[in-house]
Amino acid sequence: MTNWNDFVYDLECYPNVFSAVIVHAASGTEWIFEVSDRVNQSRQLLNFIHALGQYPGNRMVGYNNIGYDYPLLHALLRHDSFTAADAYQISMGIIETPWNDRFRNTVWASDMIVPQVDLFKIHHFDNQARLTSLKQIEIALQLGHVADLPFPPGTVLTPEQIPQLLGYNRHDVAATLQFYQQSAAALAFRDEMSAALDADLTNASDSSIGSKVFISRLNAAQPGICGKSGSWRQTPRARIPLADCIFSYVRFETPEFNTVLAYLRAKTITRTKGAFDDLTATCHGLTFVFGTGGIHGAQDGTTWRSTADRVVQGRDVRSYYPNLAIANRVYPAHLSDVFCDIYKQVYDQRISLPKSDPRNKALKLALNATYGNSNSTFSPFYDPQYTMTITINGQLLLCMLAERLAAIPSLELIQVNTDGIEYIVDRDRVAECDAVSAEWEKLTGLELESDDYASFHQRDVNSYLCIDARGTVKCKGAFEYQHGLGYGDGWHKNQSCKIVAMAAEAYLVRGVPVAETVAACTDAYAFMHTLKIQRSDRVMLGGVLSDYDCQRTPPDAKGRPFKRKVHSGGVAQQRTGRYYVTHTGGATLWKIMAPLVKLPEHERPRTIEKDHGVRMCNDLHHFDWALLDRGFYARAAWDLVLSTGG
């Protein structure tokens with residue numbers, strides 16, 4: 001439900017033009033403010049913001065507004081009026097702030113004239129691994145029009161260009177409003193958790209909320225145990241002997257696993273990142289790859305199907321990392337074993353609640369966020385030895401389970417990944433698998449959950465499709481299309497040509513030929529590819545390559561000049577957008593990468609869809625069904641099917 005007190009906004013700032021567009025979320029009422037040589041509405045804007053601040057409950061909603069828009073607006077609010085040049089100077093000061101010093105522009109919530117709601121932060125897009133621009137959100141929202149900045153930053157605009165900028169500003173606010181509406185559940189959850197914890201969690205990420213839930217439980221049990229924000233109690237480590245991390249009951253029969261165990265016991269680390277890169281063990285039909293993020297290994301390009309005589313099964317550890325700490329009494333040194341007691345209470349309460357209960361989600365976040373935060377210097381859980389104890393033993397214990405399962409006649413390992421194992425085995429050996437699992441559970445104090453699969457189709461450890469015995473389909477990696485609009489999550493994931501995964505699924509699950517699924521699809525968005533390139537690069541549609549003599553590279557042995565490729569012609573495109581592959585009427589799409597330091601004059605052209613013509617489709621009206629190359633998508637879907645071995 002839309003909050004009557006929420007106002008969605010966005011700012012645009014050029015050397016001689018500043019604009020602000022604000023929309024009342026509930027009614028759609030729109031206000032447009034312009035500051036330029038032709039009109040100065042700065043007083044009206046500032047008065048409007050001050051008026052919003054006079055009414056308790058009013059909020060301003062934006063996208064990265066805590067990082068950019070509000071710091072700029074807050075600085076302007078110190079004045080009675082301002083010019084576009086004034087705003088631009090402040091804007092550039094914010095934009096040019098180094099990433100590692102970005103918090104210097106932060107305006108604390110207590111100092112804000114109007115409270116801010118930042119969708120960028122709420123969805124944790126400020127995390128480097130999830131970084132997502134508003135343009136990418138527009139693509140995920142399947143908007144009819146995806147618009148990038150109409151003019152390069154820093155351009156001095158002509159009077160004729162100002163209306164175009166205002167139109168772009170309005171478009172961005174409309175996109176933000178739609179994303180705000182799609183974020184209703186996330187916003188409601190934060191309102192509930194803010195009330196429950198008596199803290200403002202409006203802009204907190206899920207993991208941050210999880211941490212706060214756990215911290216509140218710890219402090220309730222032992223006041224002051226965590227310290228205070230800004231001066232958390234922590235246990236930094238200058239060095240960590242990994243032998244101190246490994247549980248005493250870790251044992252192997254397999255020589256390859258014992259080699260890994262000996263290596264880890266002999267190693268001392270001074271940082272957790274890359275602590276044991278390139279550590280592998282090839283045995284039992286898999287290559288087990290160890291890493292600080294978890295273990296993985298798989299038989300690539302293979303399909304397994306349950307039959308009357310054999311069954312595909314999975315054994316996953318229930319709430320693995322939390323229960324690993326609980327069962328083995330592992331805790332950050334400064335928090336004592338009270339940490340384990342609270343962890344257990346949180347876990348027990350969570351499994352007692354239905355998934356529909358908001359408290360279930362909060363407690364799940366509390367359980368899962370703790371491990372990651374144990375390696376964060378900004379967290380009261382910080383103790384890198386705890387981090388390493390959990391991840392190393394998590395991997396070694398799975399190897400123990402894999403070793404014991406692999407000893408069962410007829411059993412073939414399919415995959416091991418972070419918290420579970422998949423395999424195929426004769427049905428008359430399942431009781432032995434159960435016995436091995438029970439023995440492992442007794443040794444570790446952990447609980448395994450078992451699933452039977454009708455089939456398991458695996459391209460690699462990160463991309464697979466499986467169908468359980470109940471007919472439920474699970475898609476990962478290249479097979480995943482269930483994200484973005486209509487699914488309520490996964491907005492940061494690649495939205496490109498979902499028809500490929502949809503057609504592959506239809507074939508693998510229901511036997512529908514991929515060409516039939518592709519031919520029947522009437523959703524234009526399912527065929528669109530997402531275009532996203534770095535700021536330093538360019539995109540050109542059309543044009544040609546030609547050779548030139550490179551003067552910076554020495555000639556060959558016969559004295560002939562070194563030839564390099566240069567792109568010329570074509571039409572410049574926006575860096576984030578959409579396109580589709582055509583059978584006719586298209587052109588080659590080029591990414592022109594910025595020069596390397598050693599060759600400063602040489603841009604590096606690369607084709608984006610080699611040997612295929614494309615048409616841009618940033619406006620849905622540019623999509624032409626008559627030009628669409630359905631064969632391209634059918635072949636891509638069939639290639640995906642074949643990548644699993646059929």
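This is a predicted model: local features need pLDDT of at least 70, side-chain atom pairs count only at pLDDT 80 or more; totals for chains, interfaces and linings use all residues.
## An antiparallel hairpin

Strand 2, formed by residues 17-24, and strand 3, formed by residues 30-36, run antiparallel and are joined by seven bridges. Within this pairing, F18 has V35 of strand 3 as its bridge partner.

The two strands, strand 2 and strand 3, make up a hairpin, with five residues between them. The turn contains G28, whose phi is positive, at about 85°.

Strand 21, residues 538-541, and strand 26, residues 589-593, are paired in the antiparallel sense over four bridges. Here L541 has L589 of strand 26 as its bridge partner.

## The second largest pocket

The volume of the second largest pocket is about 360 Å³. Its lining comprises 17 residues, and those that lie nearest the centre of the pocket are G477, A478, E480, N494 and S496. Two elements give two or more residues each to this lining: helix 15 (498-510) and helix 17 (630-642). Helix 17 gives the most, with four residues.

In terms of residue class, the lining of the second largest pocket consists of eight nonpolar, four polar and five charged residues.

## Cysteines without disulfides

A disulfide is a covalent bond between the sulfur atoms of two cysteines. When the whole structure is searched, zero disulfides are found. Two cysteines illustrate this result.

For C399, the closest cysteine sulfur is that of C283, at 7.2 Å, which is too far for a bond, because a disulfide requires the two sulfur atoms to be within 2.5 Å. C399 counts as buried, with a relative accessibility of 1%.

C521 is likewise in no disulfide, and the nearest cysteine sulfur, which belongs to C497, is 12 Å away. The relative accessibility of C521 is 9%, so C521 also counts as buried, the cut-off being under 20%.

Methods
Residues are numbered from 1 along each chain as its sequence is written. Side-chain values use heavy atoms; hydrogens and water are left out. Two strands pair if DSSP finds at least two bridges between them. On a 1 Å grid over the protein atoms alone, a cavity is a set of points where a 1.4 Å probe fits but cannot get out, and a pocket is an open set with protein on both sides within 12 Å along at least five of seven lines; lining residues have an atom within 4 Å of a point. Grid points are joined across faces, edges and corners, and a volume is the space filled by probe spheres set on the points. Ala, Val, Leu, Ile, Met, Phe, Trp, Tyr, Cys and Pro count as nonpolar, Asp, Glu, Lys and Arg as charged, and the others, Gly among them, as polar. Buried means under 20% relative accessible area, exposed over 50%, partly exposed in between (1.4 Å probe, protein chains only).
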